Amino acid sequence: MKATSRGTASSVRPPEDSKEGIHMIDMKEIVKKYQMGSQTVYALNGVTMKISDGEFVAVVGPSGSGKSTLMNIIGCLDVADSGQYELNGKPIAKYSERQLARIRNENIGFIFQGFNLLPNINALENVELPLIYQNLNHSRRKKQALDALERVGLSDRIRHRPGELSGGQQQRVAVARAIAGKPSMILADEPTGNLDTKTGKEIIGLLRELHNQGNTIVLITHDSTIAAQAQRCVYIEDGYVKGGVRT
Amino acid sequence: MIIQSLRMAFKSILANKMRSLLTMLGVIIGIIAVTVLISIAQGTTSSVTSSIESLGTNLLTVNIRSFRNNSLTVNGLIEFAEKESESIGNVAPIVSQSVTSKAGDITYSEGTLEATVPGYEKIRNLSVEYGRFLTQPDLDNRSYVAVVGTDVADELFGTRNILGEKIRINGYEFSVVGVLAEKGTTVSGSSDNRIIIPFTLGQRLLFSTGIRTFYVSANSPDVVTTAQSVLEEYLNGIFSTSTEVSTSGEISNSAYTVFNQSDMLTTITDTTNTLTLMLGGIAGISLLVGGIGIMNIMLVSVSERTREIGIRKAIGAARGAILIQFLIEAIVVSGLGGIIGLLLSMGLIVILTQALSISLALSPAVAEFAIGFSLLIGIVFGMYPANKASKLTPIDALRYEG
């Protein structure tokens, strides 16, 4: 289930032969600061990290460590103040808002703590949403969305609205939405934060399964037991990377 | 993309039915006000115009003010008309007065006695339903004959075909030789209360000497001005003593006035057009208010749906996509309002036509304008909220707790 077959993503993907040399995520000295009144707060103070294609990496840190800021930058929702961020070998610092939207749409699948599904439309329509912005035609959109829902085991709930689904089911719809567009990376921000332990485990299991099928997954969490499910952990604290552990 | 935005717009409208309806109400009322008021104004214009046209746009009315040197005669006028037959069709002197007429015990007091000549029939576009109009022998013999309108027949006899019946006016007995076709009531009052008798007899009956009022018809509306100048020349010849040459060299004559029907038509058309514009403008203000209502609701909708905008942007919606989505939503609301308003005003116009018994019609131009204008309102008043929505950054929008 690699995105290599997709023509639209090729612009930000490395050529096949140089794949080993280029990382999917390559961050150097990323700095992000906020102005709080007269004080400048450094949310990220020189983060350097690399994530390879096909990895399952957990970014772990306590609240206030800057991991949410890091996730915004990885997810191209925000741009760093200094430092270099290359996604699939392309520096994104100079991209326009429109190009960033396109990268988010085609290369990144988001899974949020609060599910972030649109309440007024059903599961199928929610999963179709990123595909609409890819300008896919109706039948192709529907097919890809149904495939994604099948992979998360919700084929029998496609006409249900988010309010009619349990938390675990809603998060599975969100996972389906993240994978429907066949992105090169899945970015999960505290995906189990709003779920009980059992359904949380199910979601992590689903992520592992997706990883086994070849997806690159970046999981952001404060919970080290969940982080332990990943291939590799990156610890972050006070805006620095404190170390990494391969599990 | 556009089709998708349209579907999303309809979904969001259906999700908030009450609110959407209230928003649309502003546009609906505005469109009804504009279309109905303009239709009423246009209907009135065309009814006034057609009632004036039915009097004949090629009609000239001459009133003689001078009693001195009034040497106008019926035969003189007829000769004049024959001589100037290139531009002038008919002439008809008239003496008229309100009279009370009787038939047996029944009295009819609303009649208008009109003493005139056969040419009057053509000049005033009269048509005879039963019997005949006046003839030259009636005038020559001063016959006691009358041609009456339908109201007169209805009131006095309860039936229309009353040829040969007798009616009494001022103690004289007239025999009915003709009944006019019904003309109906117009802005200038009923035309069906006429009692038409020979001019020569009327002069004697009403103690009127000479000719004080007469009608002249031009051969066609195109030659009215020619006819008028020929007529004035003729009258200046007769009333030469009253002719004054003003300092500007214009000849004016205080002895008579010539009233031109088409001048009046132009004046009335100008007036009603101004009226239409004014009514449309006033109604347009309510449309404007409706538009502001749309902007208001769209702004509320943007802040209510900040999180939705954040989600859409996070999963790849560019600014343009969000802008189009909200703009289309505004256009759909105002466009739907416009269509509903138009349908309602069509119904209202049908009802008003029957209730007020005037002919109103929604002209296609007004309908097109209404729809076009409501769409325009959607664009104009939707642009600001849509632009605001599209400018939200995804992180801020996602963090927003609505």
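## Chain A and its contacts

Let's start with chain A of this predicted model. Among its contacts between residues at least 6 apart in sequence, 70% join residues at least 24 apart. Chain A is built from 7 helices and 10 strands, and 48% of its 247 residues count as buried.

How does the radius of gyration of chain A fit with a compact globule of 247 residues? The value for chain A is 18 Å, which agrees with the figure near 18 Å that such a globule would have. Along the principal axes, the C-alpha atoms of chain A fill a box of roughly 50 × 40 × 40 Å.

Now to chain B, which is divided into two domains. Domain 1 takes in residues 2–51 + 266–399, while domain 2 covers 66–254. Taken over C-alpha atoms, the centres of domain 1 and domain 2 of chain B are 55 Å apart.

Helix 9 of chain B is worth a look. This helix runs through residues 261–304, 44 residues in total, and from its first C-alpha to its last it reaches 64 Å, close to the 64 Å expected at 1.5 Å a residue. Which residues of helix 9 of chain B are buried? They are B:Q261, B:L287, B:G290, B:G291, B:G293, B:I294, B:I297, B:M298, B:S301 and B:V302.

## Where the chains meet

Chain B puts 17 residues in contact with 20 residues of chain A. On the side of chain B that touches chain A, the elements giving two or more residues are helix 1 (2–15), helix 10 (306–314), helix 11 (319–356) and helix 13 (394–399) of chain B. Helix 10 of chain B supplies the largest share of that side, with 4 residues. By type, the residues on this side of chain B are 11 nonpolar, 2 polar and 4 charged.

In soluble globular proteins, nonpolar side chains tend to be buried together. Here, the largest nonpolar core has 117 residues, and A:A176 and A:V218 touch the most other members. Helix 11 of chain B gives the most to this core, namely 12 residues.

What does A:V218 contact, leaving aside its neighbours within four places in sequence? Its partners are A:I51, A:V57, A:V59, A:I74, A:M185 and A:L187. There is also a second, separate core of 51 residues, with B:A81, B:A92, B:A146 and B:F174 among them.

Note on methods
Residues are numbered from 1 along each chain as its sequence is written. Chains are lettered from A and ligands numbered from 1 in the order in which they are written. This is a predicted model: local features need pLDDT of at least 70, side-chain atom pairs count only at pLDDT 80 or more; totals for chains, interfaces and linings use all residues. The expected span of a helix is 1.5 Å times one less than its number of residues. A residue is buried if 20 or more other C-beta atoms lie within 10 Å of its own, exposed if 12 or fewer, and partly exposed in between; C-beta atoms are placed from the backbone. Domain bounds come from an automatic or database domain assignment. The radius of gyration is taken over C-alpha atoms; the globule rule is 2.2 Å times the number of residues to the power 0.38. Two residues are in contact if their C-beta atoms, placed from the backbone, lie within 7 Å. Ala, Val, Leu, Ile, Met, Phe, Trp, Tyr, Cys and Pro count as nonpolar, Asp, Glu, Lys and Arg as charged, and the others, Gly among them, as polar. A nonpolar core is a set of buried Ala, Val, Leu, Ile, Met, Phe, Trp, Tyr and Cys residues joined through C-beta atoms within 7 Å.
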